[in-house]
Amino acid sequence: MSNRSSAPADLPVGAMFERNSARRGEGAARSPAPDAIVDASDVHKRFGSLEVLKGVSLTVARGEVVVLIGASGSGKTTFLRCINHFERIDRGQIFVNGRLIGYRTDARGRLVEERAKTIARQRAEIGFVFQHFNLYPNRSALENVTLGPRKVRKMPREQADELGRRLLRRVGLESKVDVHPAQLSGGQKQRVAIARALAMQPKLILFDEPTSALDPEMIGEVLAVMRDLAKEGMTMVVVSHEMGFAREVADRVVMMDDGVIVEEGPPAQIFDRPAHERTQSFLAKLL
């Protein structure tokens, strides 16, 4: 995998890519990898003077579960947020389900940022489960789940409510339909957040350390839902420090350090026979 940096605030996105294309020949969109849900190439991201991603490349196949590991500050969450354009990238390209995310090619063949409405439609195809839930406190569990389908998909209320109840039952919260987030445990809030992501019928779900804000006894209930999703073939990219979950559920584990991918492979390879010194030292502190 590789990493990348972001443009100065006063540089328009189109000009940013035009400048980079003149320097590196990367101005026009390439074709995505066939059958890949995620195809990220040479992704760079900078926050001011801090280069967080330094040329990250990663392909995720349909139905694959990829777990990103690494120390805090290694770029995992930033890369995850770039996949659905929560963060603008400074160089590189990211395709999701065959479509370039956040950018389009203009009449001169340059990459320019998409319109906000188009980006919102693209994000609707990508579920995102946050570390701190991000539920609406003034809405019930059911309303949190159904808001997206109703507002974005224009689904009739009755149909959305039926979908929401089914999804809350799926994550074991059928009895909490009318309960507000303040009356839910951390694990229950995160399961509502997962149901909310599923309500948009995404092709891909991104999980940003979904258990790190939970008490230890609540972690298991969230991981159980994620295991079920993996068994059902949901494509997932997960940032996590839950090494047991990664070993059991991941098809591939990706180790990031200082804004780059230093090693990736099947869980048995990464956990039992890590090749890179940085992976070895990181896992030695956790296992």
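Predicted model: local features only at pLDDT ≥ 70, side-chain atom pairs only at ≥ 80, totals over all residues.
Me: Where is helix α5, and how many residues does it have?

Reply: Helix α5 runs over residues 157-170 and has 14 residues. From its first C-alpha to its last it reaches 20 Å, close to the 20 Å expected at 1.5 Å a residue.

Me: How do I read which way the side chains of a helix point?

Reply: Start with the general idea. An α-helix has 3.6 residues a turn, so residues three or four places apart point the same way. Now the case here: Ala 160, Leu 163, Gly 164, Leu 167 and Leu 168 are the buried residues to look at in α5. They cover an arc of only 130° around the axis, which puts them on the same side of α5.

Me: What do the buried residues of α5 pack against?

Reply: Their packing partners are two helices, α4 (141-151) and α6 (186-199).

Me: Which exposed residues does the face turned away from the buried side carry?

Reply: That face of α5 carries Glu 158 and Glu 162.

Me: What comes just after α5?

Reply: Gly 172 does, and this residue takes a positive phi of about 80°.

Me: How do I read a salt bridge, and how many does the whole structure have?

Reply: The general idea is brief. Side chains of opposite charge can pair when their charged atoms come close. A search of the whole structure finds 16 salt bridges. One of them joins Asp 258 and Lys 54, with the closest N and O atoms 2.8 Å apart. Asp 258 lies in the loop between β11 (252-257) and β12 (260-265), while Lys 54 is in strand β2 (residues 50-61), so the pair ties together parts that are 204 residues apart in sequence. Lys 54 is partly exposed, at a relative accessible area of 29%.

Me: Which residue forms a salt bridge with Asp 106?

Reply: Arg 110 does, and the closest N and O atoms are 2.9 Å apart. Asp 106 is buried, with a relative accessible area of 17%, whereas Arg 110 counts as partly exposed at 21%.

Me: Which residues do salt bridges that share partners join into one network?

Reply: Glu 64, Arg 252 and Glu 264 are joined in this way.

Terms used. Residues numbered from 1 in each chain as written. Heavy atoms only, no water. Helix = DSSP H or I, 4+ residues; strand = E, 2+ residues; numbered from the N terminus. Expected span 1.5 Å × (residues − 1). Buried < 20%, exposed > 50% of the residue type's maximum accessible area, 1.4 Å probe, protein only. Arc of directions from axis to C-beta. Contact = heavy atoms within 4.5 Å. Salt bridge = Lys/Arg side-chain N within 4 Å of Asp/Glu carboxyl O.
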